[in-house]
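Trainee: Hi! Could we go through this one together?
Mentor: Happy to. Have a look at it here, and then ask away.

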Amino acid sequence: MSSREGIIAGIEALRAHPQKHLMDLRAEELMRNVTEAAMSLPDDGSFLAGLLQSDYESLGSGGDLLVCLSLHGAIAERKVRDAIPVLNRMLVDSRTVAMHEDLAETLGEMGDESSVPYLIQALSSPEVWVRAKAARSLARLGDRRAIGPLIALFKDDSDTVRENAIKALAETGASEAAEALMAIAASPEESSEVRSQSIRALGRMRVQEAKTLLRTLRDQQEDEDVHEAASEAVADMDDSK
């Protein structure tokens, strides 16, 4: 049996399995078999991308989400660029919501600018970690189209999301974010973690107009984490002279 035939046989066995959930041990084994078979295939990204697209486009009428999950595992590991168009679509499709967190991370690792609009859309996901990972991936891609949407995440209800948005903007060096970062850093109503991330971002971005604020936070702040972050930020800016 050829490698391709082995993958197809594994997919058919998984598709035929009646228990369609990740907690079923047999389903887990069948998924692992598909992923391992796909990983062992000689370099043939277009074949794997085609298999993924076929099951994805058939979801609800014969396609299988567990098959998509299994193929995604191999595609992500092998960074199959032929699959990027279908991965982009899956990221914003409600039928594949169980995969959105992993997809948001995978697309950042793939590093293709075609994913930027889809990752921006994922910033509006109801799932915290989807929004957080989409922010991380946008930072890796470094596309200026993401700056406005990332700044908007500063008002997110989740500190995790806000911290990741701040980190993302610091990595892109977006000067447009300076005013919003300074407001967060100065606000005692913000959490210590979010303030500290904002302070460190200001230091990494060398925001000169933030120097007075950072020195004040370093010298007067009772919060130990904020004090430490401000000390580091001031040192970063002084070192840049």
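This is a predicted model: local features need pLDDT of at least 70, side-chain atom pairs count only at pLDDT 80 or more; totals for chains, interfaces and linings use all residues.

Trainee: OK, so what is the phi of lysine 79 like, positive or negative?
Mentor: Positive, at about 50°, although lysine 79 is not a glycine.

Trainee: And how exposed is lysine 79?
Mentor: Lysine 79 counts as partly exposed, because its relative accessibility is 43% and that class covers values between 20% and 50%.

Trainee: Got it. Which other residue has a positive phi although it is not a glycine?
Mentor: Arginine 206 is one of those, with a phi of about 55°.

Trainee: Where does arginine 206 lie?
Mentor: Arginine 206 is in the loop between α12 (192-204) and α13 (211-220). Its relative accessible area is 35%, so arginine 206 is partly exposed.

Trainee: Let's zoom out. How many helices and strands are there in the protein chain?
Mentor: The protein chain has 14 helices and zero strands. Reading along the sequence, you get the pattern α-α-α-α-α-α-α-α-α-α-α-α-α-α.

Trainee: What box do the C-alpha atoms fill?
Mentor: Along the principal axes, the C-alpha atoms of the protein chain fill a box of roughly 70 × 30 × 25 Å.

Trainee: And what share of the residues is buried?
Mentor: Of the 241 residues in the protein chain, 49% are buried.

Trainee: Which residues make the contact?
Mentor: On the α5 side they are Ile84, Leu87, Asn88, Met90 and Leu91. From α6 come His100, Leu103, Ala104, Thr106, Leu107 and Met110.

Trainee: What about contacts across the whole protein chain?
Mentor: Take the contacts with a separation of 6 or more: residues 24 or more positions apart account for 63% of them.

Trainee: Last one: how many positive and negative charges does the protein chain have?
Mentor: There are 27 positive and 43 negative charges, and their mean positions are 3 Å apart.

Definitions and conventions:
Residues are numbered from 1 along each chain as its sequence is written. Side-chain values use heavy atoms; hydrogens and water are left out. Buried means under 20% relative accessible area, exposed over 50%, partly exposed in between (1.4 Å probe, protein chains only). Helices (H or I, at least four residues) and strands (E, at least two) are DSSP runs, numbered from the N terminus. Contact means heavy atoms within 4.5 Å. Lys and Arg count as positive and Asp and Glu as negative; His and the chain ends are not counted. The place of a charge is taken as NZ of Lys, CZ of Arg, CG of Asp or CD of Glu.
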